[in-house]
Number of protein chains: 2
Amino acid sequence: MIVKKYICFILICFLFACKKDNKAAIKNNVEQNTASHPSLILTQKGVKNIKAQLGTIPLFDKTLEDVKQDVDAEISKGIAVPIPKDFSGGYTHEQHKKNFLILQKAGVLYQILDDEKYAVYVRDMFLEYAKLYPTLPLHPQERSYARGKLFWQCLNDSNWLVYASQAYDCIYNWLSKEEREHLENDLFIPFANFISEKNPQFFNRVHNHSTWGNVAVGMIALVMDNDELLQKALYGLKTDSIAANLKDDDGGFIKNKDQKVGFLANLDEPFSPDGYYTEGPYYQRYAMYPFLIFAQALENKKPELKIFEHKNAVLTKAVEALINLTDKDGEFYTINDAQKGMSYYSRELVTAVDIAYHYGGNNPELLSIAKKQNKVNLDDTGLAVALGLKNNLDKPFRKKSITLTDGPNGNQGGISILRNNNLEVIFKYTAQGLSHGHYDKLSFFMYNNGTEVIQDYGLARFVNIEQKGGGNYLKENTTWAKQTIAHNTVIQNETSHFNGKYSIGSKNHSNQYLFNISEKIKVVSAKENNAYPGTELHRTMAIVTDSSFIKQPFVLDIFNVIGTSTNKYDLPFYYKGQIMQTNFKYTQQATLKTLGDKNGYQHLFVEALADAPNSNLKFNWMHNNVFYTLTSATQATDKIIFARIGANDPEYNLRRDPTLIIRKTNTKNALYVNAIEAHGSYSPVSEFSVNAYSSIAKIETLLNTKDYTAIRITNNNKQSKLFIFSNTNPDKTTAHSITINDNEFNWVGSYTYN
Amino acid sequence: MIVKKYICFILICFLFACKKDNKAAIKNNVEQNTASHPSLILTQKGVKNIKAQLGTIPLFDKTLEDVKQDVDAEISKGIAVPIPKDFSGGYTHEQHKKNFLILQKAGVLYQILDDEKYAVYVRDMFLEYAKLYPTLPLHPQERSYARGKLFWQCLNDSNWLVYASQAYDCIYNWLSKEEREHLENDLFIPFANFISEKNPQFFNRVHNHSTWGNVAVGMIALVMDNDELLQKALYGLKTDSIAANLKDDDGGFIKNKDQKVGFLANLDEPFSPDGYYTEGPYYQRYAMYPFLIFAQALENKKPELKIFEHKNAVLTKAVEALINLTDKDGEFYTINDAQKGMSYYSRELVTAVDIAYHYGGNNPELLSIAKKQNKVNLDDTGLAVALGLKNNLDKPFRKKSITLTDGPNGNQGGISILRNNNLEVIFKYTAQGLSHGHYDKLSFFMYNNGTEVIQDYGLARFVNIEQKGGGNYLKENTTWAKQTIAHNTVIQNETSHFNGKYSIGSKNHSNQYLFNISEKIKVVSAKENNAYPGTELHRTMAIVTDSSFIKQPFVLDIFNVIGTSTNKYDLPFYYKGQIMQTNFKYTQQATLKTLGDKNGYQHLFVEALADAPNSNLKFNWMHNNVFYTLTSATQATDKIIFARIGANDPEYNLRRDPTLIIRKTNTKNALYVNAIEAHGSYSPVSEFSVNAYSSIAKIETLLNTKDYTAIRITNNNKQSKLFIFSNTNPDKTTAHSITINDNEFNWVGSYTYN
């Protein structure tokens with residue numbers, strides 16, 4: 001530590017030495033409007049404050065040194081502004097992306113270090129862009145519904161402007177008036193007009209795309225004090241002539257009738273009052289950067305808007321919601337389109353956490369996340385966070401069992417996460433989630449100790465890996481990842497929820513039935529009545545912690561399906577790991593054929609088939625050296641299907657992951673009752689296997705009526721517990737009394753476990 | 001650190017307090033032959049020395065406390081000596097296994113802590129065994145060629161006696177004469193006789209099984225000073241009447257004609273002069289414990305044998321060889337039957353490293369391994385290691401490119417490992433490796449940064465996981481894992497090497513052709529002429545480090561097949577990860593069928609088929625966020641097969657891993673020339689993909705004659721390098737001169753790269 005401090009001190013001395021040298025350098029700006037800039041993210045007051053504390057706040061100093069190394073390395077390579085050509089992952093895409101990230105950093109370094117070389121670098125790169133931009137046609141890749149100029153889609157062009165605006169603000173005073181006029185007239189204003197007026201189908205929406213567009217225009221507007229552009233950013237274009245049935249690349253409608261647009265609409269609509277963003281955490285993470293960076297700019301330039309108080313402080317709530325949507329390792333749950341591995345270590349979340357801390361009441365739990373991130377924003381917000389950490393104000397971020405409602409008013413279903421020590425069960429009963437939504441009402445997935453055990457597939461895309469479809473969405477995202485069979489929920493007659501139609505799905509949402517948390521049993525329950533007209537889906541999930549009965553916490557899952565016609569129902573479990581043992585015989589298929597021919601079923605190869613046992617199915621597997629068992633109450637008429645993803649996947653775009661499907665045929669109603677245990681462990685070093693078997697001997701349905709469902713769970717010591725659940729009355733205070741097998745049961749509230 | 005020291009001090013005070021209490025306790029031994037015991041692993045002198053230093057050597061004290069906690073927890077549970085019933089993984093197996101491990105530890109604690117409760121525990125458990133053992137028939141599980149009594153095989157019974165002997169030695173003096181006579185007559189002597197005289201097919205072999213048997217008998221013989229048993233242990237049974245064609249459970253012959261047997265034969269035969277154990281590192285690890293613990297006992301009791309000098313100090317060499325057979329994370333390479341994940345963190349390697357350090361000249365590199373293990377033997381050897389670490393004598397263990405010869409005299413081929421920074425290429429050209437050997441001459445596998453990239457399958461077994469075939473070898477080990485198609489080497493006409501016959505394979509071995517290491521190019525080459533009579537196999541592998549040509553080190557692989565009849569040749573690459581891109585079209589199969597019907601081919605499903613490009617095949621994949629590319633010189637008549645393991649696997653005993661097979665048909669000769677690059681990276685957090693493509697533009701064979709093979713490699717900048725290799729003269733000093741395309745090339749040594 002002492003050595004580190006010493007190094008820091010030397011570094012800071014060096015930085016100040018640089019500063020002196022540069023003060024001596026020739027300044028090329030003709031006029032110095034020193035009062036006006038920077039004022040967007042960095043402010044003159046903020047910079048002064050930062051400079052005064054350099055060398056005293058470790059994490060800020062460390063970040064500054066890291067950023068300096070990054071930028072210096074890029075400066076030494078020289079400026080490259082290539083003619084746009086590639087999809088994401090390709091050279092020109094990645095170079096322009098790198099440019100905007102470095103521009104923003106170089107601008108900050110100029111302000112904090114007073115070293116003119118950074119201003120020169122930013123100016124010179126801007127001049128290159130001002131030379132190139134006016135010559136550009138639409139990007140040659142034609143796939144997007146809103147093609148950009150630097151990039152294949154306006155979305156990425158907007159990314160560029162959001163970052164570039166900050167760099168412009170940082171060197172604004174340093175530039176000559178002529179340079180500014182040149183850059184604004186030949187680059188920034190045409191750029192802003194192109195992504196707004198010229199692309200209303202992109203700009204005038206409620207979607208993460210248009211958020212980026214709105215913010216890009218808004219940021220440059222604030223730097224230039226251009227109120228006309230700012231009004232467009234906040235409230236959208238007044239007219240747009242977007243056709244009512246126009247769709248984007250992902251199949252989402254561009255705009256509903258009478259839809260409000262612009263930044264404020266994008267803040268009001270997709271966020272629920274709990275801060276859940278309807279597209280899901282992967283895209284919420286992506287959108288948080290423009291939301292928060294523009295909010296910070298508005299707070300600096302237009303404090304009268306009180307943007308951080310908007311919608312009951314939804315922006316800071318959203319950051320805390322996002323952190324609650326991560327697993328033990330900080331990785332986001334794969335709700336809807338989502339790439340696995342994205343986490344709160346991303347640059348967007350560094351920005352988000354620092355801004356939420358600074359403008360959201362200095363929540364000390366956010367500091368513990370910033371500590372893990374080990375970097376901060378180089379502005380007031382990052383300074384505040386680094387100072388908080390220096391003063392050891394951080395407290396652990398406590399992730400609890402939580403519900404996040406969906407919908408602008410919080411009444412379009414939601415997501416619940418049940419947590420118990422290492423177990424995490426994510427239960428989804430949201431609205432559609434715009435164009436990135438999947439058709440998976442009442443689906444769940446499960447983690448143990450940060451490891452996926454029952455997985456959601458995520459998206460079918462390799463973001464920015466050019467070899468895989470230019471880094472863009474692959475067609476299997478539509479044919480597989482979005483389909484209901486790709487998820488752990490009930491599929492009726494091999495057809496996806498809402499028939500896989502966005503126009504229907506986007507009009508509906510599931511409804512929470514109840515959410516109750518206690519030490520012993522944490523329960524969430526939701527209903528879905530529109531996925532299959534005429535069929536009611538009602539799923540109840542619980543984590544039971546009752547160590548004198550079953551040593552480890554286990555998951556109880558009751559999926560009640562009530563149909564009006566005779567149907568076939570499938571419930572898949574996308575377990576991860578290797579099968580250890582089953583309590584039934586299955587027949588491996590000599591040649592592998594697909595399970596079906598559409599709605600995602602065409603992507604599954606059938607590996608083995610079985611008749612279910614006429615009581616309980618036991619399925620025991622191992623993953624990452626932990627044992628798991630699924631116990632399910634089955635009937636002899638149920639079929640068990642072992643399948644694997646990968647059929648009709650001619651370019652190996654899908655992972656070859658397995659599933660077990662419980663199929664109930666020729667029935668109006670179906671009741672799935674499942675228990676999932678995580679138990680024991682194996683060590684390949686000691687070669688000891690511990691507690692490798694399930695502790696549940698039997699699950700039985702004692703009663704299942706319209707009003708009540710009663711489940712008896714028996715352990716290996718022949719002790720039993722009864723879970724009785726009211727299917728029609730979620731009220732916590734109602735007294736219930738029923739008789740089962742001549743025994744009378746009385747309790748208060750919607751369920752009893754005893 | 002200060003806090004830790006303080007805790008240590010308190011702990012030691014506590015331990016001494018216990019000691020005092022126990023000295024006051026009633027001793028139940030009638031006579032005290034204090035001069036004689038312990039003398040096996042712990043010695044009276046050693047114990048005195050240890051006691052004198054308690055509380056001063058951190059790692060020793062830490063280990064002592066850990067062991068004390070383990071044993072105290074077991075003592076508090078009470079003694080359980082159940083009637084034998086289960087296979088490994090089952091209750092009775094695991095309990096008896098736990099018993100012998102705890103017995104040994106409790107004995108040590110009694111000696112070091114002078115706390116009689118440990119002696120009482122050991123005695124009482126021995127008395128339970130002495131009650132049970134005489135009543136036992138053969139173990140009820142009938143699978144083994146040598147069934148035990150406590151366990152299903154004599155092997156595990158021998159494990160028990162090796163550990164139990166140490167415990168007996170520790171409490172020998174403390175026991176009464178009557179107790180000792182009872183234990184020896186009713187337990188130890190019948191036990192030793194059963195695993196030797198009653199099971200000659202187990203005891204009189206050269207095999208890791210019999211090593212355990214010999215050592216078990218030898219250890220108890222040394223405690224009891226029973227020379228008759230010791231002679232059996234060292235030299236085997238004089239007569240055994242083992243039938244010549246008798247085989248064990250794994251298909252290995254029990255005994256060759258005129259085979260020497262006993263411990264010394266087991267030391268002489270399977271170890272090469274380099275310390276490589278012919279079964280491979282997984283079993284070497286298993287066998288090292290009895291080899292070294294018995295050597296330590298012999299050194300203490302029979303120093304005149306000079307066991308650590310035997311065969312030019314092969315035992316300590318073997319420990320260093322074993323460490324060289326681990327990847328970056330310390331996990332053993334999966335040569336022959338081997339379970340993945342086993343590593344130098346295993347208890348056997350803790351023992352091995354400490355003994356090798358103490359008796360092998362205090363190699364400071366071994367201390368760095370002990371430091372990672374973070375525990376030591378509680379005896380002289382562990383004390384020496386802990387003291388070395390306390391005095392900071394440790395140096396990093398430098399794993400280099402290395403050859404380990406196979407065979408008692410080092411002339412039966414071998415294993416070479418080429419290493420360069422993070423790349424590790426393991427090339428196998430050994431003898432059969434006894435009954436645990438696989439049929440994979442000239443096979444290779446590759447790691448990058450501790451991650452398998454081109455994998456060897458390992459064994460088909462889940463050791464000690466009862467659900468999977470009682471934790472024993474699964475039939476797929478024979479039908480799949482041992483077959484040649486399961487490995488990365490050439491298969492002729494879908495038939496395994498030596499026709500998959502142990503009787504032939506065990507008579508043959510490959511031969512090293514050359515092994516040369518330089519900064520720029522590290523080369524190993526070997527020939528195999530007996531796997532397919534009439535066909536010569538000659539493979540040459542290199543790691544080329546030439547950053548001005550190709551930025552990262554790459555692997556060059558030249559497999560020359562010279563046949564006398566027209567054949568079909570397959571060369572599989574068991575890549576791990578997901579396919580990114582190929583430079584050829586392939587056709588996904590609508591229904592999946594097996595690739596063949598025997599010799600392992602029945603376990604592969606064909607997923608896709610292609611015709612090879614008429615120049616170079618490019619196969620680009622990603623694994624653990626690193627990109628890899630295989631470039632292979634192909635002809636249009638070559639076929640490419642994408643296959644996956646898992647057909648004819650009715651109980652999901654096999655992993656569903658993929659392979660790419662290059663098939664050359666209707667040809668006498670075949671030349672496979674491949675390059676494998678590890679390049680670039682991807683981050684799912686930043687979503688940046690870096691250097692995702694191969695840097696090799698082309699590989700061409702300019703010349704391929706009986707005497708020479710010349711390969712031209714061209715990079716993306718159109719620069720070329722030439723690798724010319726003499727196929728018939730490995731001499732380092734011979735001058736060569738050849739003309740290719742009118743250009744004359746002159747060089748000295750078997751190859752040139754320029």
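Student: What makes the copies meet through the same surface?
Tutor: Of the interface residues of chain A, 100% are also interface residues in chain B, so the copies meet through the same surface. Contact here means heavy atoms within 4.5 Å. This is a predicted model, in which local features need pLDDT of at least 70 and side-chain atom pairs count only at pLDDT 80 or more. Residues are numbered from 1 along each chain, and side-chain values leave out hydrogens and water.

Student: Why is the relation of chain A to chain B that of a two-fold axis?
Tutor: A rotation of 180° with 0.0 Å of shift along its axis superposes chain A on chain B, with an RMSD of 0.1 Å; that is the relation of a two-fold axis. In chain A, the C-alpha of Leu592(A) is nearest the axis, 2.4 Å from it. The superposition is by least squares on C-alpha atoms of residues with pLDDT of at least 70 in both copies.

Student: Why is α5(B) called oblique to α6(B)?
Tutor: The axes of α5 (residues 116–132) and α6 (residues 154–171) of chain B come within 10 Å and cross at roughly 130°. Angles under 35 degrees count as roughly parallel, over 145 as roughly antiparallel, 65 to 115 as roughly perpendicular and the rest as oblique, so α5(B) is oblique to α6(B). The residues of this contact divide into nine nonpolar, no polar and one charged.

Student: Why is the pair of Phe723(A) and Tyr751(A) called tilted?
Tutor: Rings pair if their centres lie within 6.5 Å; planes under 30 degrees apart count as stacked, over 60 as edge-to-face and the rest as tilted. These centres are 5.8 Å apart and the planes stand at 35°, so the pair is tilted.

Technical notes. Chains lettered and ligands numbered in written order. Axes fitted to C-alpha atoms, helices over the stretch in contact; angles between N-to-C directions. Helix = DSSP H or I, 4+ residues; strand = E, 2+ residues; numbered from the N terminus. Nonpolar A, V, L, I, M, F, W, Y, C, P; charged D, E, K, R; others polar. Phe/Tyr/Trp six-rings, centres within 6.5 Å; stacked < 30°, edge-to-face > 60°.
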